[in-house]
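Have a look at the sequence and the fold before reading on.

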Amino acid sequence: MAKKAGGISYEDIAREVRAGDFKSIYYLMGEESYYIDRLSELIVENAITEDQRDFNLTILYGPQTTAEEVVNAAKRYPMMADRQVVVVREAQSLPHKEMLAFYAQNPMPSTVLVLCHKNGTLDGRTNMARDIRKAGIVFESNKLYDRELPGFVGSYVKNKGVEIAPDACQILCEHVGADLSRLAGELDKLIVAVGEGHRIDAQAIQDNIGISKEYNTFELTAALSMKDVVKANRIVKYFDSNPKNFALQPTLATLFKFYSDLMLAYYAPAKTEQGIADWLGQTTWQVRRNIIPAMRLYTATKVFKIIAEIRRTDGASKGVGGQKTTDGALLKELVYQILH
């Protein structure tokens, strides 16, 4: 679920749009382009029918237009339709966009104006922001934290009539990261492959995306959490033999996050599965599978040393110390230090 910004969430806006409740102006802004793109598409899809779009859909680009041209387009009357939609992409580059404040004071009732401002935000203290809020909606699209990705994946596939296994969800999130557009694209491929009413499992991910269900950073983390020496070394050997399927930096980032979370888990007010999950902002499934087994096998002192080793490995991979070592060799050494 998208986090709320300014009292309204992505889900709130999407629900209103699907119900035919349109505002005069939508100012969609922020660092996460996925929600901006999806909302602008949703507004167009629901505000005007496909056969009305030739005359009643205007798409402008901020660097190639002016605020005056945007206002003129918005003030036009729709042709043979109840409303028109004007979409301004790259609105962050629109010159003198503060002029839109005057339009916002008296917007055309038959126009839905959508401004897409990516990789930044509108200063909420300006007259423009205040006037747009009175006439419509200012929505900030925030980047999701890694811990929020499983929730996004679960909600996405549920809306498509499909389920996803917890381990498959984690593998996909670890592999793709917080690029929601790419994550949604991979999920769409998997949904088509398994079919509505079915379940996405680790095998489906391996068959359709090419991520091995056995040899990935998620499984490496699980092996290390249980101090499974044989499995951990088997995965590291696979990574070393298949450099195209292995990138050291994302692997180090995953391990750093896991052991940082493990260190935090020792300080959880409630040491129950749910208590630790709430403390870390993770699912109980993640805590049950990795955190709790690791808490039994690692001391806080050892975890502190492991975090230092991960930092040292990161530095060595970037040439600190001047010693040339392959990524595979660095990971082997790190895993040895973690397990011993």
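## Two residues and their surroundings

Leu57 touches Val44, Ile48, Val85 and Val87, not counting residues up to four places away in sequence; contact here means heavy atoms within 4.5 Å. Leu57 sits in strand E2 (residues 57-61). Strands (E, at least two residues) and helices (H or I, at least four) are DSSP runs, numbered from the N terminus. At 23% relative accessibility, Leu57 counts as partly exposed. The cut-offs: buried is under 20% relative accessible area, exposed is over 50%, and partly exposed is in between, with a 1.4 Å probe and protein chains only. Thr126 is 69 residues from Leu57 along the chain, and their C-alpha atoms are separated by 29 Å.

A word on what you're looking at: this is a predicted model, where local features need pLDDT of at least 70 and side-chain atom pairs count only at pLDDT 80 or more, while totals for chains, interfaces and linings use all residues. Residues are numbered from 1 along each chain as its sequence is written, and side-chain values use heavy atoms, with hydrogens and water left out.

Now for Ser40, which lies in helix H2 (residues 33-47). Is Ser40 buried or exposed? Ser40 is buried, with a relative accessible area of 10%. Leaving aside neighbours within four places in sequence, Ser40 is in contact with Leu28, Val114 and Cys116.

## Salt bridges

Side chains of opposite charge can pair when their charged atoms come close. The rule used here asks for a side-chain nitrogen of Lys or Arg within 4 Å of a carboxyl oxygen of Asp or Glu, and the count comes to 18 salt bridges. Take Glu186 and Lys189, whose side chains meet at 3.0 Å, N to O. Both lie in helix H9 (residues 180-194), 3 residues apart, about one turn of the helix. Glu186 is buried at 11% relative accessibility, whereas Lys189 is partly exposed at 44%.

Asp240 and Lys332 form another salt bridge, with the closest N and O atoms 3.2 Å apart. This pair links distant parts of the chain: Asp240 is in helix H12 and Lys332 in helix H17 (residues 327-339), 92 residues apart. Both ends are partly exposed, Asp240 with a relative accessible area of 33% and Lys332 at 42%. Arg130 also forms a salt bridge with Asp131, at 3.9 Å between the closest N and O atoms. Here Arg130 is partly exposed at 39%, while Asp131 is buried at 6%. Finally, Glu16, Asp21 and Lys23 are linked in a network of salt bridges.

## Aromatic pairs

A pair of aromatic rings is described by the distance of the centres and the angle of the planes. Rings of Phe, Tyr and Trp (its six-membered ring) pair if their centres lie within 6.5 Å; planes under 30 degrees apart count as stacked, over 60 as edge-to-face and the rest as tilted. That gives 10 aromatic pairs. The rings of Tyr34 and Tyr35 are edge-to-face, because their centres are 5.3 Å apart and their planes at 75 degrees. Tyr34 is buried at 11% relative accessibility, and Tyr35 is buried at 2%.

Tyr259 and Tyr298 are edge-to-face too, with centres 5.7 Å apart and planes at 80 degrees. Tyr259 lies in helix H13 and Tyr298 in the loop between H15 and helix H16 (300-317), so the pair ties together parts that are 39 residues apart in sequence. Both Tyr259 and Tyr298 are buried. There's a cluster as well: ring pairs link Tyr10, Tyr34, Tyr35, Phe152 and Tyr156.

## The largest pocket

The largest pocket has a volume of about 810 Å³. Of the 36 residues that line this pocket, the closest to its centre are Glu174, His175, Thr217, Phe218 and Thr254. A pocket is an open set of points on a 1 Å grid over the protein atoms alone, where a 1.4 Å probe fits, with protein on both sides within 12 Å along at least five of seven lines; lining residues have an atom within 4 Å of a point. The volume is the space filled by probe spheres set on the points, which are joined across faces, edges and corners.

Which helix supplies the largest share of the lining? H13 does, with 7 residues. Helices that each supply at least two lining residues include H7 (149-159), H8 (166-176) and H11 (217-225). The lining divides into 16 nonpolar, 14 polar and 6 charged residues.

Definitions and conventions
Nonpolar A, V, L, I, M, F, W, Y, C, P; charged D, E, K, R; others polar.
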